[in-house]
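Hi everyone, thanks for making the time.

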Amino acid sequence: MNIAYTEQYKSVRKKYDNIFRPEHRSTYQSEEYIYPLSEEFLIRTCYYEEETDGFHIHASENILQNHLGQTLYTWRNLNDDGEFSELICHSNGRHYLVFRRDLYGYSVLEIETLQEFHYIPHQAYPAEDETFSETFIWTGVKYDACTNLLAVEGCYWACPSSVVLLDFTNPLGEHGCEEWIDLQELIDADYTTYEELAVSKWDGVQGRLHITAYNSITDTKDSLLLNISKQTQDMEHIITIGEWNIEKAES
């Protein structure tokens with residue numbers, strides 16, 4: 001369930017409004033950080049920190065501007081661990097900014113219309129009668145226009161880095177964590193050889209996703225390939241996302 005638009009989550013965000021004050025500017029990164037997304041867009045970020053509720057909170061305030069210096073959009077991220085912002089040119093002809101407003105979940109902004117979508121898994125802020133459980137933390141994305149698949153880099157808290165795949169045909173649609181396919185499960189579910197997965201590049205034209213992984217047996221970083229093909233039938237050792245089959249290529 002997505003709680004991003006619930007009163008429960010709105011109250012969580014409201015509670016942290018106080019951190020975004022000049023006196024709480026971060027001591028470890030006091031200067032404004034400017035991140036160029038492209039020749040047309042950049043992000044200006046200020047970092048904040050504060051001790052509250054027994055936790056050291058580190059957050060950021062972000063401004064998206066165009067090449068004329070005009071502010072298009074602003075947002076606050078309540079946890080800047082692994083923070084990222086990626087601009088995607090989608091197969092539908094529009095541009096999308098993918099980013100985070102919290103440690104868990106993700107957000108998408110359609111640049112041309114400034115329509116936005118936010119997703120926060122309910123496990124991250126459980127109700128009083130529920131238990132917190134981990135979901136995958138997004139730290140970067142790489143999109144493939146040939147397949148409309150999104151490869152998301154990140155990890156579960158305090159676990160090796162990994163990559164999840166999801167169907168990004170509809171960028172402003174909800175893609176809940178139950179849809180995210182962890183490639184670690186496909187490549188080496190038991191961590192007997194491979195861990196610390198990362199995306200090297202997409203080659204959707206050739207039906208390939210290039211992955212790097214740490215080989216714990218040889219102590220090397222290995223390059224792995226995943227084959228991507230149109231879904232035809234259920235087969236062993238193949239995962240399906242939308243109309244696509246994903247399988248580990250033979251070495």
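Let's begin at a pocket: S2 is the element that gives the most to the lining of the second largest pocket, with 3 residues. Before going on, a word on the source: this is a predicted model, in which local features need pLDDT of at least 70 and side-chain atom pairs count only at pLDDT 80 or more, while totals for chains, interfaces and linings use all residues. Residues are numbered from 1 along each chain as its sequence is written, and side-chain values use heavy atoms, with hydrogens and water left out. Helices (H or I, at least four residues) and strands (E, at least two) are DSSP runs, numbered from the N terminus.

Back to that pocket. A pocket here is found on a 1 Å grid over the protein atoms alone: it is an open set of points where a 1.4 Å probe fits, with protein on both sides within 12 Å along at least five of seven lines, and lining residues have an atom within 4 Å of a point. The second largest pocket holds about 160 Å³ of space, where a volume is the space filled by probe spheres set on the points, and points are joined across faces, edges and corners. Its lining is made up of Tyr33, Tyr35, Ile43, Thr45, Tyr47, Asn62, Glu83, Phe84, Ser85 and Glu86. Strand S1 (33-36), strand S2 (41-52) and strand S5 (85-89) are the elements that give two or more residues to it. By class, you'll find 5 nonpolar, 3 polar and 2 charged residues there. For these classes, Ala, Val, Leu, Ile, Met, Phe, Trp, Tyr, Cys and Pro count as nonpolar, Asp, Glu, Lys and Arg as charged, and the others, Gly among them, as polar.

Which residues lie nearest the centre of the largest pocket? They are Tyr16, Ile57, Asn79, Asp102 and Tyr125, out of 19 lining residues. This pocket has about 570 Å³ of space. Helix H1 (7-15) and strand S3 (55-66) each supply at least two residues of its lining, and S3 gives the most, with 4. Its lining divides into 11 nonpolar, 4 polar and 4 charged residues.

Now to the inside of the protein. In soluble globular proteins, nonpolar side chains tend to be buried together. A nonpolar core, as used here, is a set of buried Ala, Val, Leu, Ile, Met, Phe, Trp, Tyr and Cys residues joined through side-chain atoms within 4.5 Å. Buried means under 20% relative accessible area, exposed over 50%, and partly exposed in between (1.4 Å probe, protein chains only). The largest core has 19 residues, and Trp138, Val141, Leu150, Val152, Phe168 and Trp180 have the most contacts inside it. Its largest share, 3 residues, comes from S9. Take Trp138: leaving aside neighbours within four places in sequence, its contacts (heavy atoms within 4.5 Å) include Phe84, Val98, Leu150, Val152 and Trp180. A second, separate core has 17 residues, among them Ala151, Leu165, Trp202 and Leu209.

On to the strands. S9, S10, S11 and S12 form, in that order, an open sheet of 4 strands with antiparallel pairing, where two strands pair if DSSP finds at least two bridges between them. S9 and strand S12 (181-182) are the edge strands, each pairing on one side only. Between S9 and S10 there are 7 bridges, and Ile137 stands opposite Cys155 in S10. S13 and strand S14 (residues 208-215) are also antiparallel and joined by 7 bridges; one of the pairs is Lys201 with His210. These two form a hairpin with 4 residues between them, and Gly207 in the turn has a positive phi of about 70°.

Last, the loops. Most residues other than glycine have a negative phi. Leu114, though not a glycine, has a positive phi of about 60°; look for Leu114 in the loop between strand S7 (106-110) and strand S8 (115-119). Tyr191, in the loop between helix H2 (183-188) and strand S13 (194-203), also has a positive phi, near 55°. Is Tyr191 buried or partly exposed? Tyr191 is partly exposed, at 35% relative accessibility, and Leu114 is partly exposed too, at 39%.
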